[in-house]
Amino acid sequence: MIPLKFVLVDLRRHWVGSLVIILLIAGATALGVAVNLQERALRLGSARAAERFDLVVGAAGSETQLVLSSVFLQPSPLTLLPGSALAKLADDPRVAMAAPVGFGDSFNGLPVVGTIAAFVTDDGRVGLSEGRVFETVAEAVIGAKVDLALGDEVKPLHGTAGEGGHTHTELKYQVVGRMGETGTPWDRAILVPIEGVWRIHHMGDGHDADEHGHAAHDRTGEASEAERGPAEMMERIGPPWTNPQGVPAIIVKARTIADAYRLRNEYRRDQTLGVFPAEVLTRLFSTLGDVRTVLAAIAFATQGLVAAAVILVSVVHLAQRRRQLAVLRALGAPRAALFGLVWFEILALVVSGVAIGVVLGWGGAKIFASWVSDASGIVSPVVLTWEDGRLALGLLAVAAIIAVVPAMMAYRQPTAIALRS
Amino acid sequence: MTAVSALLRDVSVRVRGLPEPVIDVPDLAIATGEHLAVTGPSGAGKTTLLNILTGLERPVSGAVLWDGIDIARLSEAKRDTWRAKQVGIIMQDFNLFPGLSALDNVLLPRQLRVPRLGNDARERARHLLEQVGLNRHDQRVETMSRGEMQRVAVARALQAQPAIIVADEPTASLDDTSAKRITDLLIGLSTSSAATLIVVTHDQTLARAMHRVVSLQRGRIVGSRTAPT
């Protein structure tokens, strides 16, 4: 048997070479692992973000942009859908929930999104982590990661500060609830009643004046600001709307899957666009998949180069220890022991390298994911799976085969000649 | 007359490119328990002869019989096994393994051969280290003096209780006192274990302490003298 103590002493004696081998292997492994992990994390993270969005209906335009804006809250000026589309969807018997999402405003860099209470709780399926859902037009619910407390005031800014927007002075919201964490960009959003967004943009509030029992109500909302008293802030919000205004996107939950497909086809007309975010994401990821293929090829080529470097280093290293091995043999070590010794030492280095590499790759992917999450709010779950295990095992198997070369050289070297060297 | 332990018959070793054989020994007998010194100028083929005797090298022709077994005809693996059991080797520059203790150095060759070291092997190693006058068994060999190192090598050579002890210039790199001590140890230990001792040496003190001295020149035995008893 190979005495472990001897192996350790031997590796320590050749620590520079050993370290170089370990680092080379760790680097190559880390690269491969990180590419895999990151791609998977991004895919999982965005799929998770899209989970609540069965069907998104918007005005005709770019499908990708519609998904990026509605699911990932990426700011971009979208053409508005006419309010009639919202009313029609809300009344459609195949629709379980039609939630308008109105964006364009921000507060401290966080998007202020107008929607309905049912969307906040996913139609009663998810609870809030604290507080309650907005009940009047002047209330807001914040995402899990928004740095505000219940009771704080939100004064939306048109656009974002960076774009030189102006603060809306017409309306301020009071935070009344906080959503649970979703790992999506919505964790950094402030959700307000869609009526508020409409009103701020002087589009009326979707409810006819009569509805509020206000004879002199002005649809533009501008004049009404002065007239409104606190009591008026208690007015009804949410569907049904008698006079809904334009919205950039509507999130639709259909009653059945078949309904969802029918609705999507119906809304893929000249003026409107119906998309399944999952579908758009799949397409996006097939593009990303090509990038991954390239990265994986680079990682693979790197591993090949590292394998070559490891062979080179171990052969050079072996030449230096010809004498040592010959002495062992002269003293009575069988040839199989020399083979085993060389093979085992190389494999020990490879195992350490691969282990360190997996940890480094995982750490790297984690860091990258947290950077992505900081930038976009998408939490990409970095998880090691059996696939990574296979990659590591594959590397070890290749190394085990490669290590046979120097081990065989040790096995075959003539003792007497090596002793003289 | 003691029993013949080794018998070399018509042994010759040739190296490509040299017209003359490196070793050409038509007949050499070594008795069991004999102490034999091999002397001769550099390049006379002393080490090659030693390699032939220990099976590290195979002659192109001839027979190397040890107790009737022709080790020149054995397979590589069988020769390794035979050598591990029968031969203890001591080299000029010790060839100990730095980083390991004296005890681990003594045990290393056996460790590489058997799945698990028994307690008796450890006991024997400690006993041998005591015999060569080393008490600090856990001392790392690289911290020892040259004389001490060679004593560890002697203990290592004796670990497997070999019937043949072979030493290649065991005293050449030692000071006189250490050389004297190694000479005494080699003779004392091989006598007490009834082992055959073969040394290659320039050291006249060591050579004189042997039963017989053969001198080698250009691969041939040119002289043999027996020490007066």
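**Helix packing and contacts**

Analyst: H9(A) and H12(A) make a right-handed crossing, the term for a near helix turned clockwise from the far one by less than a right angle, with anticlockwise being left-handed. The model is predicted: local features need pLDDT of at least 70 and side-chain atom pairs pLDDT 80 or more, whereas totals for chains, interfaces and linings use all residues. Residues are numbered from 1 along each chain as its sequence is written, with chains lettered from A and ligands numbered from 1 in the order in which they are written.

User: Why are H9(A) and H12(A) called roughly parallel to each other?

Analyst: The axes of H9 (277–320) and H12 (386–402) of chain A cross at roughly 30 degrees and come within 11 Å. Angles under 35 degrees count as roughly parallel, and therefore the term applies to H9(A) and H12(A).

User: Which residues make the contact of H9(A) with H12(A)?

Analyst: H9(A) contributes A:Gln303, A:Ala307, A:Val310 and A:Ile311, and H12(A) contributes A:Leu395, A:Val398 and A:Ile402. Contact requires C-beta atoms, placed from the backbone, within 7 Å. By class there are 6 nonpolar, 1 polar and no charged residues; Ala, Val, Leu, Ile, Met, Phe, Trp, Tyr, Cys and Pro count as nonpolar, Asp, Glu, Lys and Arg as charged, and the others, Gly among them, as polar.

User: How many residues of chain B and chain A does the contact take?

Analyst: Chain B gives 23 residues and chain A gives 19 residues. On the side of chain B, H2(B) gives the most, with 5 residues. That side divides into 11 nonpolar, 4 polar and 8 charged residues.

Key. Axes fitted to C-alpha atoms, helices over the stretch in contact; angles between N-to-C directions. Helix = DSSP H or I, 4+ residues; strand = E, 2+ residues; numbered from the N terminus. Parallel < 35°, antiparallel > 145°, perpendicular 65-115°, else oblique. Contact = placed C-beta atoms within 7 Å.
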